[in-house]
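Hi everyone, thanks for making time. I'd like to walk you through one structure today, so please have a look at it on the screen.

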Amino acid sequence: MGFSKAISAIYRKSNIHYDRELRKLGLKSGMMMYIMCLCDNPGISQEEMAKDLMIDKSTVAKAIKQLVEEGYVLRSQSEVDNREYILQPSAKALKVYEQLNRTQEAWFQTLTAGMTEVERTLFLSLLDKIRVE
């Protein structure tokens, strides 16, 4: 299997898995990365989140707007720069955060079931090396 085909298959299967698992929490798979990033980095700006997740700023703004409306994100204007928004996880986000971590870890274990722990560590290390900027 070629590189693009393998990445595409992992992406599709991951989305299907996350959609099924996160539906139980009332979430969609696309929300997961924003909530996890926010809980890992409370006080992050929308711009910093976009850079961290390597996603267009307008896409992050749309997702954050939805998460604010659904009560997962608290958004306030920066005291330093009025054009910037600072994000905090709400109690609702913090409540689902551990479950999101468990879901992500369980899926990683499923995807890498044929690997040893050393191979899993190497796999993650190699993925970080090819991360596209």
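Let me begin with a question: which residues line the second largest pocket? They are Ser-45, Gln-46, Glu-47, Lys-57, Ala-61, Asp-81, Arg-83, Glu-84 and Tyr-85.

Before I go further, a word on what you are looking at. This is a predicted model, where local features need pLDDT of at least 70 and side-chain atom pairs count only at pLDDT 80 or more, while totals for chains, interfaces and linings use all residues. Residues are numbered from 1 along each chain as its sequence is written, and side-chain values use heavy atoms, with hydrogens and water left out.

Back to that pocket. On a 1 Å grid over the protein atoms alone, a pocket is an open set of points where a 1.4 Å probe fits, with protein on both sides within 12 Å along at least five of seven lines, and lining residues have an atom within 4 Å of a point. The volume is the space filled by probe spheres set on the points, which are joined across faces, edges and corners. For the second largest pocket that comes to about 170 Å³. Helices α3 and α4 are the elements that give two or more residues to its lining; helices here are DSSP runs (H or I, at least four residues), numbered from the N terminus. By class, the lining has two nonpolar, two polar and five charged residues. In this scheme Ala, Val, Leu, Ile, Met, Phe, Trp, Tyr, Cys and Pro are nonpolar, Asp, Glu, Lys and Arg are charged, and the others, Gly among them, are polar.

Now the largest pocket, at about 1,800 Å³. Its lining has 34 residues, and the closest to the centre are Ile-10, Tyr-11, Ser-14, Gln-104 and Leu-127. At least two lining residues come from each of α1 (3–23), α2 (29–40), α3 (46–53), α5 and α6. Here the classes are 22 nonpolar, seven polar and five charged.

On to charges. How many salt bridges does a search of the whole structure find? Five, taking a salt bridge as a side-chain nitrogen of Lys or Arg within 4 Å of a carboxyl oxygen of Asp or Glu. One of them joins the side chains of Asp-81 and Arg-83, 3.1 Å from N to O. Asp-81 is partly exposed at 23% relative accessibility, whereas Arg-83 is exposed at 74%. The cut-offs are under 20% for buried, over 50% for exposed, and partly exposed in between (1.4 Å probe, protein chains only).

Another bridge links Glu-117 to Arg-120, with the closest N and O atoms 3.4 Å apart. Both lie in helix α6, three residues apart, about one turn of the helix. Arg-120 is buried, at 10%. Arg-120 is also in contact (heavy atoms within 4.5 Å) with Thr-112, as is Phe-123. Thr-112 sits in the loop between α5 (91–111) and α6 (117–129) and is buried at 2%.

Last topic: cysteines. The count is zero disulfides, a disulfide being a pair of cysteine sulfur atoms within 2.5 Å. Cys-37 is buried at 4%, and Cys-39 is buried at 12%.

How values were computed
Lists of a residue's contacts leave out its neighbours within four places in sequence.
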